[in-house]
Amino acid sequence: MPTVLLLDVSLSMTRPVQINDNAETTRKQLAIIGINAFLDQLSVHSKLEFISLIVMGEVKLVKNNNVHNTVAIRYRFVWQTVGEEQHLKFVPHKVRKLKVELPKEVKEELKPEDVVYEDDVEYLRSLDPKEWKSQDHYKVLGIPKLRFKATEEIIKTAYRKKVLKHHPDKRKALGEEIKTDDDYFTCITMAYETLGNSIKRRSYDSVDPEFDNNIPSGGELKKDFYEVFKYYFDLNSRWSEKPNVPQLGGSESSREEVEKFYSFWYDFKSWREYSYEDEEDKEKCQDRDERRYVDKLNKAERLRKKKEEMSRIRSLVDLAYNNDPRIAKFKQDDKERKLAAKRAKQTAAQAKKEEEERILREAQLAKEQAEAAERAKIEAKRQEREAQKKALKKERKTLRDLCKANNYYADNSDETLVNMTGLETICEMFSLIELEELNKNLTDIGKSAFEKALKDMKQRIEKEKQAVIEAAKQKSSDNNKDVITKVIPDWNEENIQLLVKAVNLFPAGTNQRWEVVANFINQHGVFNSSARFNAKVVLAKAKDLQNTDFSKNNLKDVANKQAFDNFKKDKRNVLNVDESGISKKLDGVSLNGDSKKLSNGDVKIKQEAAWTTTEQQLLEQALKTYPASTAERWDRIADCIPKRSKKECIKRYKELVETVKAKKAAQAAIGTK
């Protein structure tokens, strides 16, 4: 039977499992170790046909140091056609070799008794207590190799050993001369005060003189990329604020792992700070203002050094990114993929263009074929008509020759003329088949056939005449049904005056002017019937009036007389004008270039109708319509006002001019005051 192994790699399998006090692993790792042990047992004690490993999720498997030679594979059954028959075959899936994430070995913490403490007396004697900040504190305590890896217990033990050996009292007891103000033991004390305090030690570790702040040079770039840059990235990873710094990896690393690595380093956050290198000591300041000033200087210097550090890290990452063969390969793959997509797009576009050209060629060819077929059809019809025309011409000639040979089947000259005329009519009216039949009958029968043909011809002519007469009667009948009798009202004096008035009220440019004029006359006119004016009739009458010479009729006189009668009805009193007022008003007034003065003894009595609002509006409109440059201006203006003469219009205009001038003079006088 087949052996099937099931492995769950869900999120729950990542839970930690404590193995002992110093090590822990995950459920997934334990399951992988168990599967490998089980496979080892089966490979030694069992005869296996195949093993199927079904993994639910993602997992990385590998053989454990070649302990067993059994490979976990998943098989499947497929049908394969051999010849004409189908056979069930057992086919393995493709195997992917992956790495195992083994639990990290937990290194035992270094104990103080296992450390070798150095004692460089010459170095200690060379130190200047006043320059203690520039000394190597780790070397002073005798642990120059451990440095930042040294624990607090190791630092305490190293300090105790130095105190027991180099304390001034100990050395003085041995007969050594001690200088109290200039003794190197002060350097040992300062080294312990710095490394024994976690905050001060962090500041000192940030500027550790033994740390390599360089980046790979041009010569190193020619060496193995992974080896060179792994050293620098591992060295700088100690400054990361985030734990679990990703590794550089190797040539087999996936694209996701590489992108994750560079994404981490491009967003790198460093805890490194430079307070240890402060040039000014804030504690030595005498007052608060001085401490603030020193603190400001120190912060500015720390910020500058921090920027330089981040710039160095960024330069390292950029250098690695630009020289990483994996990045070059990824870029080349992307370029090839884009190029392939571009080529595919161009190929598709070219194929589409070729297809469109093919369709266009086919359409053009089909069009040419259709045109050729149409031309052939037209040519065939033409040839058929030509053949029919030739045959018809031949039959007509045959008929004429037969009739001429038989003297047109007439007994006298008058009958000959009639038959000749009938013969031509027959040639025009009869078709080819009828002419062929007639020629055959004339050859066989003779005169009776010709007489019958004449009779048929006359009957046809008579039928055509009747058809024409019937069509004409029908058309006349239809036209009579559509005819509508239109009655036009009479143009009396009132309607003519309203027309003149409306034409002036509604000047050219008015929207639908003649419809408006017709409606105005229909509303205010006098009519003897229900008929009314329309725009067409009003326009025709207006043109007729425009072309009429009013000097030859008494229409204006009648209008003026009627206006005077109306004036007498409305005004029963006579207007007396004060001579002094008139003389003063008109004294020195010049109208149209003529200066006229009234004497004190003159009295002018005005007996004429007052100007109505409508007449005033008509006068103003006429003055705008006919400017001063118009020929016979005042005659045209008088024509626009039915009840006013040319003289009255001029007089009214002068009065308006005087009124306007008087108003302007009054306004000017008020302004001067």
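Predicted model: local features only at pLDDT ≥ 70, side-chain atom pairs only at ≥ 80, totals over all residues.
Where does arginine 147 sit? It is in the loop between α3, residues 137-141, and α4, residues 152-166. Although it is a loop residue, arginine 147 counts as buried, because its relative accessibility is 8% and the cut-off for buried is under 20%. What does arginine 147 touch, leaving aside residues up to four places away in sequence? The list is Asp136, Tyr138, Arg201, Tyr204, Asp208, Pro209 and Glu210.

Now the chain as a whole. There are 673 residues, and buried ones make up 28% of them. The chain has 23 helices and 10 strands. Among contacts with a separation of 6 or more, 64% are between residues 24 or more positions apart. The accessible surface comes to about 48100 Å², and carbon and sulfur atoms account for 51% of that.

Next, confidence. The mean pLDDT of the chain is 79, with 78% of residues at 70 or more. Which elements have the lowest and the highest mean pLDDT? The lowest is strand β8, residues 590-591, at 39; the highest is helix α10, residues 255-266, at 94.

On to the aromatic rings. The search of the whole structure finds 23 aromatic pairs. One of them joins phenylalanine 233 and phenylalanine 261: the centres are 5.0 Å apart, the planes are at 80 degrees, and the pair is edge-to-face. Phenylalanine 233 belongs to helix α9, residues 225-236, and phenylalanine 261 to helix α10, so this pair ties together parts that are 28 residues apart in sequence.

A second pair has another geometry. Tryptophan 265 and phenylalanine 268 have ring centres 4.6 Å apart and planes at 10 degrees. Why is the pair called stacked? Because the angle between the planes is 10 degrees, and planes under 30 degrees apart count as stacked. Tryptophan 265 is buried at 2% relative accessible area, and phenylalanine 268 is buried at 4%.

Both pairs fall within a cluster linked by ring pairs. Its members are Phe225, Tyr226, Phe229, Phe233, Phe261, Tyr262, Phe264, Trp265, Tyr266, Phe268 and Tyr321.

Last, a check on one helix, α17, residues 513-524. With 12 residues at 1.5 Å each, α17 should span 16 Å. The C-alpha atoms at its ends are 17 Å apart, which agrees. Which residues of α17 are buried? They are Arg513, Val517, Ala518, Phe520, Ile521 and Asn522.

Terms used. Residues numbered from 1 in each chain as written. Heavy atoms only, no water. Helix = DSSP H or I, 4+ residues; strand = E, 2+ residues; numbered from the N terminus. Buried < 20%, exposed > 50% of the residue type's maximum accessible area, 1.4 Å probe, protein only. Contact = heavy atoms within 4.5 Å. pLDDT = per-residue confidence, 0-100. Expected span 1.5 Å × (residues − 1). Areas by Shrake-Rupley, 256 points an atom, 1.4 Å probe, with all protein chains shown as cover. Phe/Tyr/Trp six-rings, centres within 6.5 Å; stacked < 30°, edge-to-face > 60°.
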